[in-house]
Amino acid sequence: MEVKFLGGAREVGRSAIVVSYKDTRVLLDYGVMLNDHPEFPGHVEPRKIDAVLLTHAHLDHSGSIPMLYISGRKPRLYATRMTKDTADILLSDFIKLSGYYLPFGHEEMREALNRCTEIYYREPFTVKDLEIEFIDAGHIPGSAQILVKGDKTIAYTGDFTTIRSKMLDGADTSLGDVDALIIESTYALEEHPERTELERSFVEACKEVVENGGNVLVPAFSVGRAQEVLCILHAYGFKQPVWLDGMARKTLEKYLEDNRFIDNYHLLKKASKRIRIVTGKRGRRAALSEPGVIITPAGMLKGGPALFYANKIIEDPSSAIFLVSFQLPGTPGAQLLEERKLQVNGEEKTAKCRVEQFRFSGHAGKRQLHEYIRNLETARRIFAIHGEEQACQELATWTERETGAEATAPTPQQAFTI
Ligand SMILES: [Zn+2]
Ligand SMILES: [Zn+2]
């Protein structure tokens with residue numbers, strides 16, 4: 001079997017891997033790098049691909065898929081139902097915002113999703129000479145790890161975590177005998193804070209602000225994190241108003257439609273009954289008119305309703321902006337954290353409100369990555385991808401030292417025979 005890395009090698013973004021065996025070729029993810037201009041993975045000819053297997057909806061895994069559906073023979077797409085539904089939301093928005101830079105539009109996206117076969121975890125299927133199985137990745141609802149079996153078995157983690165969150169139980173790690181493992185390395189250099197402690201301190205901080213009459217803005221990714229924050233607030237007995245705005249609303253609807261993908265479905269259901277959905281401009285003013293928590297994208301304040309709220313809240317010393325994820329350097333969220341400054345409508349504002357970061361994560365931290373690799377003791381070949389160069393290299397070095405397996409941090413376009 002051959003594995004070729006087209007993107008996501010020594011970088012986070014544009015994940016894309018081709019696996020070939022006999023006459024069969026499958027593409028694992030085909031994402032985009034979201035810099036000022038979108039950047040794409042290495043080229044593949046759609047007619048030479050038998051199937052596209054999508055781990056999850058995030059654009060760094062799905063954002064280039066419509067490019068394979070422009071003309072000619074179009075491959076079948078395989079994804080869980082939740083991944084298909086949430087990819088629809090994210091891709092539509094991506095095309096709306098970045099359409100000018102993209103060689104495809106809504107039509108190609110529709111074409112891709114129309115060719116999607118919905119599959120579920122632990123239900124193997126075949127693509128010509130290969131047997132494929134999706135396994136729960138615990139990263140966001142619908143996310144999967146993928147097993148590809150030819151004469152060898154290759155496991156690809158996609159984005160995963162074994163840490164239990166309020167909504168999800170974490171990745172299924174019973175992968176059986178695997179010859180090669182392709183693993184994400186996002187947090188290979190970093191330990192996550194203890195989860196329960198982090199959840200508790202986040203809710204405490206929200207209560208403090210709201211009880212003193214302030215508003216808390218929680219900029220959050222619309223797919224996954226926003227709904228997780230709802231669950232956390234509910235689980236720790238937060239009784240004051242919680243508002244949900246932007247694309248996070250549509251995602252919540254999708255999550256509530258299919259309980260197979262939310263491990264703690266009852267909590268999400270209960271939490272969702274208590275929230276207030278923001279509609280229109282009047283709704284936004286209403287959300288700001290009384291103390292409460294407002295959860296809305298974009299998670300790094302790059303746009304979306306979060307900017308509208310931030311513009312008001314930033315001036316109010318009794319209010320707060322609580323960032324709930326890693327902030328990519330160069331984003332407005334990172335600037336707000338580092339310099340307490342934010343650009344809104346071309347004007348630079350200095351924060352008078354409280355600004356804090358709570359580093360929730362849907363990715364395995366250093367310890368979880370190591371445990372995962374140790375657990376897969378049959379894998380003698382390991383590829384560390386989806387991380388900064390140093391993180392990928394460090395995970396590969398650790399693996400060789402601790403397990404004796406052959407480990408590599410591949411570079412783009414590099415191919416390997418398993
Ligand atoms: Zn992801
Ligand atoms: Zn990713």
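## Helix α6 and its surroundings

In this predicted model, helix α6 covers residues 248-257, and its buried residues are A248, T251, L252, K254 and Y255. Viewed down the axis of α6, these buried residues fall within an arc of 160°, so they line one face of the helix. An α-helix has 3.6 residues a turn, so residues three or four places apart point the same way. The face of α6 turned away from the buried side carries E253 and E257, which are exposed.

What lies over the buried residues of α6? The cover includes the elements in this table.

| Element | Residues |
|---|---|
| α2 | 81-98 |
| α5 | 225-235 |
| β15 | 242-244 |
| α7 | 265-274 |
| β17 | 292-296 |

Strands β15 and β17 also belong to an open sheet of 6 strands, in the order β16-β15-β17-β14-β18-β21, with parallel pairing. The edges are held by β16 (276-277) and β21 (354-357); each has a single partner strand, so one side of each has no neighbour in the sheet. Within this sheet, β14 (residues 215-219) and β18 (residues 320-323) pair in the parallel sense over 2 bridges. V216 stands opposite A320 in β18.

The protein chain as a whole contains 12 helices and 24 strands. Of its 418 residues, 52% count as buried. Its C-alpha trace spans about 65 × 45 × 40 Å along the principal axes. A compact globule with 418 residues would have a radius of gyration near 22 Å, and the 21 Å of the protein chain agrees with this. Among contacts with a separation of 6 or more, 72% are between residues 24 or more positions apart.

Definitions and conventions:
Residues numbered from 1 in each chain as written. Chains lettered and ligands numbered in written order. Predicted model: local features only at pLDDT ≥ 70, side-chain atom pairs only at ≥ 80, totals over all residues. Buried ≥ 20, exposed ≤ 12 C-beta atoms within 10 Å, placed from the backbone. Helix = DSSP H or I, 4+ residues; strand = E, 2+ residues; numbered from the N terminus. Arc of directions from axis to C-beta. Contact = placed C-beta atoms within 7 Å. Rg over C-alpha atoms; globule rule 2.2 N^0.38 Å. Pairing = 2+ DSSP bridges.
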